[in-house]
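Dear colleague,

I am handing over the structure below, and after it I set out what was found in it. Please keep the structure open beside the text as you read.

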Amino acid sequence: MARHGDQREHGFAHHSDNRGANLKICYMVILYKLAEQIVQTHKRIHAPSYYDIFPEKDLEFETVKVDSSYDREDKQPDVIATTKDNKQYLIEFVFDYKVQHKKAIDYKNLNCIEIDLRNQKPSVDMRT
């Protein structure tokens, strides 16, 4: 949408009626980017126990890549993190729904972590 205001410079903006942008979507994007930044900055996460099948553990990473491409067509994770012993973890952030991939993912020999962000609540009033 073109903007030709008298007070600001001429420019373009996304037309939110067509894009369906709303506060909930904006909040999800902010939360997603914040989660990426936290993992990238602190280079560690705490993985809770999974029904006592996998014990809880703290994972410390040597490198954390955000917005990068993984060398597989069936899986593009949100974050690729590597430990000092060169073990690679593919990290996905999920909300109310999961990303649907074009084909089934072969999880064999992959370390995958899913971080559920759906119950995170804003500390500010989203109605304004």
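**What was found**

Among contacts in the chain between residues at least 6 apart in sequence, 35% join residues at least 24 apart, where contact means heavy atoms within 4.5 Å. Please bear in mind that this is a predicted model, in which local features need pLDDT of at least 70 and side-chain atom pairs count only at pLDDT 80 or more, while totals for chains, interfaces and linings use all residues. Residues are numbered from 1 along each chain as its sequence is written, and side-chain values use heavy atoms, with hydrogens and water left out.

The chain has two helices and eight strands, and from the N terminus on its elements run β-β-α-α-β-β-β-β-β-β; helices (H or I, at least four residues) and strands (E, at least two) are DSSP runs, numbered from the N terminus. Of the 128 residues of the chain, 27% count as buried, and here buried means under 20% relative accessible area, exposed over 50%, and partly exposed in between, with a 1.4 Å probe and protein chains only.

The largest nonpolar core has 19 residues, and those with the most contacts inside it are Phe61 and Ile91; such a core is a set of buried Ala, Val, Leu, Ile, Met, Phe, Trp, Tyr and Cys residues joined through side-chain atoms within 4.5 Å. Helix 2, strand 3, strand 5 (63-66), strand 6 (79-82) and strand 7 (88-94) each give two or more residues to this core, and helix 2 gives the most, with five. Not counting residues up to four places away in sequence, Phe61 touches several residues, among them Lys43, Ile45, Tyr89 and Ile91.

Lys43 itself is found in the loop between helix 2 (23-42) and strand 3 (44-47), and has a positive phi of about 55° although it is not a glycine. Most residues other than glycine have a negative phi. Lys43 is partly exposed, at a relative accessible area of 34%. Asp52, in the loop between strand 3 and strand 4 (57-60), likewise has a positive phi, near 60°, and counts as exposed at 72% relative accessibility.

Finally, a search of the whole structure finds four aromatic pairs, meaning rings of Phe, Tyr and Trp (its six-membered ring) whose centres lie within 6.5 Å, with planes under 30 degrees apart counted as stacked, over 60 as edge-to-face and the rest as tilted. Tyr50 and Tyr51 form an edge-to-face pair, 4.9 Å centre to centre with 80° between the planes, and ring pairs link Tyr50, Tyr51 and Phe54 into a cluster.

With best wishes
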